[in-house]
Amino acid sequence: MKKKASIWNVLAVIAVLVIVFCGWKLYGIYADYQVAAEEYEQLRQIGRTDGSGTVTAADNEEDGGGIPAPGEIDFGALQNINPDIVGWIQFVDADIPIDYPIVHSADNSDYLRRNIYKKYSRSGSIILESQNAADFQDLHTILYGHNMLDRSMFSTLKKYQKQSFYQEHSPYFYIYTPGHVYLYEIFACHDVDSTSALYTVGFEAGAEWQSFIQHNMRDTALYETGVEIAEGNYVMTLSTCTDDAGDRFVVHAKRIREALQQ
């Protein structure tokens with residue numbers, strides 16, 4: 001009996017240690033989340049002027065009536081912090097709280113686990129594909145963001161997996177750059193392998209580009225949105241990880257309006 005009691009005592013101690021270790025790890029994870037949330041909120045205070053920015057229509061391809069007007073981003077202040085900041089993404093729908101600066105560097109891994117202060121961060125940054133032009137003028141532009149447990153970064157993109165969510169919520173988001181504001185409309189979403197040809201950039205307007213959109217975006221979409229894509233449309237792909245390490249969830253959107261930032 002004494003030997004059995006000793007074994008149970010040892011197991012109890014091990015169980016307590018495991019619980020303590022797991023609790024410590026969880027605390028560290030959520031502490032990192034809290035730090036990242038506070039840092040990005042500070043950046044919004046530095047970089048954004050909600051509602052006070054003015055925009056002038058420059059190239060209205062389609063009517064985006066009923067969409068809240070964009071604010072103004074102070075890229076001077078942001079680039080004093082980090083010159084790699086080349087843009088800002090902001091979703092119109094409050095249920096998609098994506099509202100972050102975008103960084104661009106020669107290597108996509110530079111900001112995979114680093115914030116815009118270039119310090120370690122579990123959340124990383126929103127990353128513009130290194131092979132894309134920093135001015136967002138490629139026909140196919142790709143942004144990467146982590147799928148975080150606290151609903152930060154690109155985690156809420158997965159809400160668009162349900163057609164009912166797409167139908168009941170706004171499919172629009174803004175991309176701010178120094179000098180311009182672009183409005184995008186989501187037209188497709190789906191899962192894709194991380195090594196897919198979808199992650200190809202550098203297209204020119206024409207049949208190859210149209211075929212790429214049809215084969216890699218429209219044919220694989222989870223549902224039909226009814227949004228038409230014309231030859232020469234600029235398309236942005238938002239990519240985030242899933243529970244499967246080899247898969248990604250992607251959202252595709254076309255540029256429908258351009259405005260000059262004053």
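As for individual cysteines, cysteine 189 is buried, at a relative accessible area of 3%, while cysteine 241 comes out as partly exposed at 26%. Here buried stands for under 20% relative accessible area, exposed for over 50%, and partly exposed for what lies in between (1.4 Å probe, protein chains only). Residues are counted from 1 along each chain as its sequence is written, and side-chain values rest on heavy atoms, with hydrogens and water left out. Because the model is predicted, local features need pLDDT of at least 70 and side-chain atom pairs count only at pLDDT 80 or more, whereas totals for chains, interfaces and linings use all residues.

The largest pocket holds about 310 Å³ of space. Of its 14 lining residues, Leu112, Tyr144, Gly145, His146 and Arg248 sit closest to the centre. Both kinds of space are found on a 1 Å grid over the protein atoms alone: a pocket is an open set of points with protein on both sides within 12 Å along at least five of seven lines, a cavity is a set where a 1.4 Å probe fits but cannot get out, and lining residues have an atom within 4 Å of a point. Grid points are joined across faces, edges and corners, and a volume is the space filled by probe spheres set on the points. The pocket lining splits into five nonpolar, eight polar and one charged residues. Ala, Val, Leu, Ile, Met, Phe, Trp, Tyr, Cys and Pro count as nonpolar, Asp, Glu, Lys and Arg as charged, and the others, Gly among them, as polar.

Strand S10 (residues 235-241) gives the largest share of that pocket lining, three residues; strands are DSSP runs (E, at least two residues), numbered from the N terminus. Six of the seven residues of S10 are buried. S10 also pairs with strand S7 (residues 140-144), in the parallel sense and over five bridges, where pairing takes at least two DSSP bridges. Within S10, valine 235 stands opposite histidine 140.

The whole structure has one cavity of 30 Å³ or more. Its lining is made up of Phe187, Arg218, Ala221, Tyr223, Glu224 and Thr225, that is, three nonpolar, one polar and two charged residues.

Finally, asparagine 115 lies in the loop between strands S5 (99-104) and S6 (126-128) and is buried at 3% relative accessibility. Leaving aside residues up to four places away in sequence, asparagine 115 touches Glu39, Ser121, Gly124 and Ser125, contact meaning heavy atoms within 4.5 Å.

How values were computed
Helices (H or I, at least four residues) and strands (E, at least two) are DSSP runs, numbered from the N terminus.
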